[in-house]
Amino acid sequence: MPFPAHRRPALAALGIALLAGAGQAADLTVEVSGARSTQGTVSAALYNSADTWLKEPQKLQGARAPAAQPVTVLVFRNIPPGRYALSAFHDENGNEKVDTNVVGVPTERTGFSRDARGRMGPAAFDDAVIDVQGDTTTAITLR
């Protein structure tokens, strides 16, 4: 049954209000410092849960840019409001992975949002979480 003509403006206003309250997608700008050189690229991955944290195929979004000094800027676009964590690394040799030594310790610089650090491995998702509710800028220092 169609809505009566006199109710349609109210229905349209309700629809606009619901869409406005649903949360706008935002841009997340990440300023990455600590690259050893301008060789290669700086890559970052965005995750939205501890279950997917650092599982490359399950990242929400990735970004890459030529390494720059003192800061490489990466932008993640159209991010819904929520809690996220980022991992980043300086891919000096361009092989698109974090190189490690024989015991698994990264030989290329890595970092996490909130400059979180792990004890005997990578930082935990909850230590790296940032809250994105609108356009946001955050920083990561590679070590």
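Student: Which residues cover the two faces of β2, and are they buried or exposed?

Tutor: Thr41, Ser43, Ala45 and Tyr47 sit on one side and Val42, Ala44 and Leu46 on the other, and all of them are buried. Buried here means under 20% relative accessible area, exposed means over 50%, and partly exposed is in between, using a 1.4 Å probe and protein chains only. Keep in mind that this is a predicted model, where local features need pLDDT of at least 70, side-chain atom pairs count only at pLDDT 80 or more, and totals for chains, interfaces and linings use all residues. Residues are numbered from 1 along each chain as its sequence is written, and side-chain values use heavy atoms, with hydrogens and water left out.

Student: Why do the residues split into two sets like that?

Tutor: Side chains in a regular strand alternate between the two faces of the sheet.

Student: OK, and how many residues of β2 are buried overall?

Tutor: 7 of the 7, residues 41–47, so β2 is largely enclosed by the rest of the structure. Strands are DSSP runs of E with at least two residues, helices are runs of H or I with at least four, and both are numbered from the N terminus.

Student: Which strands does β2 pair with?

Tutor: β3, residues 61–66, runs antiparallel to β2, with 6 bridges joining them. β5, residues 82–91, also pairs with β2 in the antiparallel sense, over 7 bridges. Two strands count as paired if DSSP finds at least two bridges between them.

Student: How many residues of β5 are buried?

Tutor: 9 of the 10, so β5 is largely enclosed by the rest of the structure too. It has other antiparallel partners: 3 bridges join β5 to β7, with Tyr84 opposite Ile130. Another 3 bridges join β5 to β6, where Ala88 has Gly111 as its bridge partner.

Student: Switching to packing: which residues have the most contacts inside the largest nonpolar core?

Tutor: Leu28, Val30, Leu74, Phe76 and Leu86, in a core of 21 residues. β1 (26–33), β2, β3, β4 (71–79), β5 and β7 (130–132) are the elements that give two or more residues to this core. The largest share, 4 residues, comes from β1. A nonpolar core is a set of buried Ala, Val, Leu, Ile, Met, Phe, Trp, Tyr and Cys residues joined through side-chain atoms within 4.5 Å.

Student: What does Phe76 touch?

Tutor: Leaving out residues up to four places away in sequence, its contacts include Leu28, Val30, Ala44, Leu46, Ala63 and Leu86. Contact means heavy atoms within 4.5 Å. Apart from that core lies another one, of 10 residues, among them Tyr47, Trp53, Phe112 and Ala123.

Student: Now loops. Where is Ala35, and is it buried or exposed?

Tutor: Ala35 is in the loop between β1 and β2, and at 13% relative accessibility it counts as buried. Not counting residues up to four places away in sequence, Ala35 touches Val42, Ala68, Gln69, His90 and Leu142. Its C-alpha is 8.5 Å from that of Thr141, 106 residues apart along the chain.

Student: What kind of peptide bond joins Gln69 and Pro70?

Tutor: A cis one, with omega about 10°. Pro70 lies in the loop between β3 and β4.

Student: Which residues other than glycine have positive phi?

Tutor: Leu54 is one of them, with phi near 65°; Leu54 is in the loop between β2 and β3 and counts as partly exposed at 33% relative accessibility. Arg114 has a phi of about 60°, is in the loop between β6 and α2 (125–128), and is exposed with a relative accessible area of 53%.

Student: Last one: which residues form a nonpolar patch on the surface?

Tutor: Val102, Val103 and Val105, with about 340 Å² of accessible area together. Val103 is in the loop between β5 and β6 (110–112) and counts as exposed at 67% relative accessibility. Patches are made of residues with over 30% relative accessible area and no salt bridge, joining nonpolar side chains (Val, Leu, Ile, Met, Phe, Trp, Tyr) within 5 Å and like charges within 9 Å. A salt bridge is a side-chain nitrogen of Lys or Arg within 4 Å of a carboxyl oxygen of Asp or Glu. Accessible areas come from the Shrake-Rupley method with a 1.4 Å probe, and for residues only the protein chains shown count as cover.
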